[in-house]
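Colleague: I am new to this one. Please take me through its aromatic pairs and its nonpolar core.

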Amino acid sequence: MIILAATPIGNLGDVSRRLVEVLENAEIVVAEDTRTTAHLLRALAIENRPRLIALHDHNEKQKAAELVALAAEQDVVVVSDAGMPAISDPGYGVVAEAVAQGVTVTAIPGPSAVLMALAISGLPTDRFTFEGFLPRKPGERRSALAALSAEPRTMVFFESPARLAATLADMGSAFGGERRIAVCRELTKLYEEVRRGTAPELAEWAAAGVKGEIVVVVEGAPRVAASPESALIQVQELVASGIRLKEACGEVAAATGLSSRDLYQAALAARHG
């Protein structure tokens with residue numbers, strides 16, 4: 001089978017007993033960076049020396065079939081440099097190929113920068129969306145943020161420290177200057193820090209220079225007041241695009257604060273009116 005194995009995002013003490021056991025017995029370990037994984041094995045005092053195979057963005061398409069073929073005969077452990085493989089790291093292509101070939105995929109859960117940042121941000125956690133890294137080019141980044149300006153869920157982003165100040169400034173332009181934001185830096189490490197504020201406030205702070213691994217958590221857009229009539233039109237447009245009526249009503253209700261049941265009844269009445 002394919003075993004996706006989460007590794008520490010900073011603090012080595014977060015390694016699970018299960019991860020150690022799997023690495024101690026692994027014959028093949030697929031790694032984002034074989035040097036980083038070799039260092040991890042040494043740090044954990046693991047004497048096992050499995051075959052290390054590099055898997056990164058540039059070779060995953062070519063390697064996926066080969067790795068799945070190996071996994072059909074024996075366990076193949078997949079790790080990234082930090083956190084869970086396939087989440088903004090190599091691994092998705094291997095999982096997709098394994099599913100297509102009927103090879104079992106499982107995971108050893110563990111540290112997650114996304115979930116940790118969300119949990120400690122102080123922002124709503126009931127519904128969220130992970131957006132990964134924003135585009136590097138300023139124009140593309142601003143377009144991506146503009147497309148998210150009405151997103152009602154809490155948003156989680158990864159960002160480079162070199163681009164953080166510019167990204168926060170662009171968030172202020174796209175989302176407005178009042179949205180609550182938490183910048184989480186160096187999670188689980190010695191200099192862990194969480195800065196909370198608005199985009200303009202945090203952009204000013206970041207302009208002085210920031211180091212380390214960065215996760216940015218952004219408050220979702222406030223619900224927009226909508227009349228029942230305009231909400232019904234939104235429901236009908238979603239249904240016309242192929243979404244089931246019940247799901248369309250739920251989506252519009254979540255965005256507007258109106259009753260999903262009332263919208264459903266109104267849509268049925270409109271159909272038969």
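**Aromatic pairs and core**

Modeller: The count is 2 aromatic pairs. Rings of Phe, Tyr and Trp (its six-membered ring) pair if their centres lie within 6.5 Å.

Colleague: Why is the pair of F130 and F158 called edge-to-face?

Modeller: Planes under 30 degrees apart count as stacked, over 60 as edge-to-face and the rest as tilted. The ring centres of F130 and F158 are 5.0 Å apart and the planes stand at 70 degrees, so this pair is edge-to-face. The pair links distant parts of the chain: F130 is in strand β6 (residues 128-133) and F158 is in strand β7 (residues 154-159), 28 residues apart. Strands are DSSP runs (E, at least two residues), as are helices (H or I, at least four), numbered from the N terminus. F130, F133 and F158 form one aromatic cluster.

Modeller: This is a predicted model: local features need pLDDT of at least 70, side-chain atom pairs need 80 or more, and totals for chains, interfaces and linings use all residues. Residues are numbered from 1 along each chain as its sequence is written, and side-chain values use heavy atoms, without hydrogens and water.

Colleague: What makes F158 buried or exposed?

Modeller: Buried means under 20% relative accessible area, exposed over 50%, partly exposed in between (1.4 Å probe, protein chains only). F158 has 14%, so F158 is buried. F130 has 27%, so F130 is partly exposed.

Colleague: Which residues have the most contacts inside the largest nonpolar core?

Modeller: Among them are F157, L164 and V216, in a core of 20 residues. Such a core joins buried Ala, Val, Leu, Ile, Met, Phe, Trp, Tyr and Cys residues through side-chain atoms within 4.5 Å. The largest share, 5 residues, comes from α8.
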